[in-house]
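This report covers one protein chain, shown below.

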Amino acid sequence: MFKLSYLLLAIAILSALLFGSVEVWSIAFIGLLTAVVFISFVKRFPGLAEEDTASKHITFSIILIFAYGILQLIPLPVSILNMVHPKVAYLFSLPPSLQNPVPAVHAATLVIPPTFHAVSVYPFATEQEVARIVIYLMVFCCAAFGLESKKDVYSVLKTLAVFGFILCLFGLIQKTAWNGKIYWFRTLSNPRSMPFASFVNKNDFAGWINMIIPISLGIGLMAKTIHKKVRYLFFAVAMSVILFYSLSRGGVISFFAGIFAFACMALHSKVSKKKLIPFFLFIVALSIFLIYVGVSPILHRFANVDISTEERIIVWKATFGAFTDFSVFGSGLGTFSHIFSMYHPPTWWYYDYAHNDYLQFLLEAGIAGAIVFGMFLFLVARTTFTSEWTERESYLKAGLVASVTTLAVHSIFDFNLHIPSNAILFSLILGLAVALSRLNTDFE
């Protein structure tokens, strides 16, 4: 029987290697693997009766998240929907040519308007999104409540740091010997894609590796032996260098946000400030690299954008305008691309995402959904910050907080949480933070 920590690593690593799990076959495989691991975890789980109050609260919030996703799929009388979503009746009155952005509304409804409809304007898309969210929640539960010791947590984090370093080396080699195909054999389906390593887009890679860098930094600072400190700090420097080499604007910005969060957490913890010297050496080493290669490639990348700031603002305004029509329960998880064209001026660019995970989630889940998900995140944060951490663990705590910060900042102007591999890693890190807060045995 494989240890749960190994299985969680397999899910996180495979989801990254399979092109970020953005394709149907890859997310289906990862979902199946996660379901098998989760079932195995449930069979061995002793039950919530033995868990503390914080764990019970987190579990209850997870159940609410799943229930809310199901709620958006339950057919309700259209008369009731019109009370909270006046736009529903308008959607049914549109001609077929304008109903195309809303596939849930069939042309036949022009003749016989439906008397029942789900909260989601496109239930099929919501079903798919809820299925993905269930995968992320299963990963979180296995990590938060399934690991038996802090040594297991440390093993997972250490392996992620090593894999992140290897993935960066592969990305560098592949870019140097680029032939237009990922792994040198997989042709890109979208010619406009800008792949890096195993990801179809460099921004997806940056979002993933940014969550690993602070963890490697934290492991290096908490290590007892010099050679382990040097190893993981070197990994952190190398991954940071490759991150800058990928020229992801969002990745660079969120990287500095994560480093700032790490510094704030470390300086306000009970660790000796002298022990933070390796952290400052990490900053010096990275600065030397930037001076050596020059900052002009990075500045040039910031000047040449695929989506301008003005265009992003237009998209965000249109997204918020759509939210006002579905403010209570949302348009349905996963339905952004199906209704956005109704609120955005005609353009040659097709938007799958709002390039702001927060605005898109607010549109799709509504205020009620934001409260449900917000409660879950609040309970996870409260458990993490109110728990007693040893001096050595404080470095790892800073790394975990910084890891979450990088994705939180990146999500302001991108859609990393809609990349399955990144969402899985994010869920895993949140789960590991809770696990460290629950377990009492120190690292060995």
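Glu148 has a relative accessibility of 67% and therefore counts as exposed; the cut-offs are under 20% relative accessible area for buried, over 50% for exposed, and partly exposed in between (1.4 Å probe, protein chains only). Glu148 sits in the loop between α7 and α8. Helices (H or I, at least four residues) and strands (E, at least two) are DSSP runs, numbered from the N terminus.

Ser61 counts as buried because its relative accessibility is 0%. This residue is part of helix α3 (residues 53–71). Contact means heavy atoms within 4.5 Å. With neighbours within four places in sequence left aside, Ser61 is in contact with Met375, Phe376 and Leu379.

The model is predicted: local features need pLDDT of at least 70, side-chain atom pairs count only at pLDDT 80 or more, and totals for chains, interfaces and linings use all residues. Residues are numbered from 1 along each chain as its sequence is written, and side-chain values use heavy atoms, with hydrogens and water left out.

Two packed helices are described by the angle between their axes and the distance between the axes. Helix α8 (residues 150–176) packs against helix α10 (residues 226–245) at about 40°, and their axes are 9 Å apart. Axes are lines fitted to C-alpha atoms, for helices over the stretch in contact, and angles run from 0 to 180 degrees between N-to-C directions. Residues of α8 in this contact include Phe165, Cys168 and Leu172; those of α10 include Phe235, Met239 and Ile242. By class, the contact has 12 nonpolar, 1 polar and 2 charged residues.

A nonpolar core is a set of buried Ala, Val, Leu, Ile, Met, Phe, Trp, Tyr and Cys residues joined through side-chain atoms within 4.5 Å. The table lists two of these cores.

| Core | Residues in core | Members include |
|---|---|---|
| Largest | 107 residues | Ile58, Phe140, Phe205, Trp208, Leu428 |
| Second, separate | 15 residues | Val315, Phe323, Phe326, Phe336 |

Among the members with the most contacts inside the largest core is Phe205. Beyond residues up to four places away in sequence, Phe205 touches Leu167, Cys168, Phe196, Ala197, Phe199, Ile242 and Ser246.

The chain as a whole has 18 helices and 4 strands. Of its 444 residues, 54% are buried. Among contacts between residues at least 6 apart in sequence, 78% join residues at least 24 apart.

Notes
Nonpolar A, V, L, I, M, F, W, Y, C, P; charged D, E, K, R; others polar.
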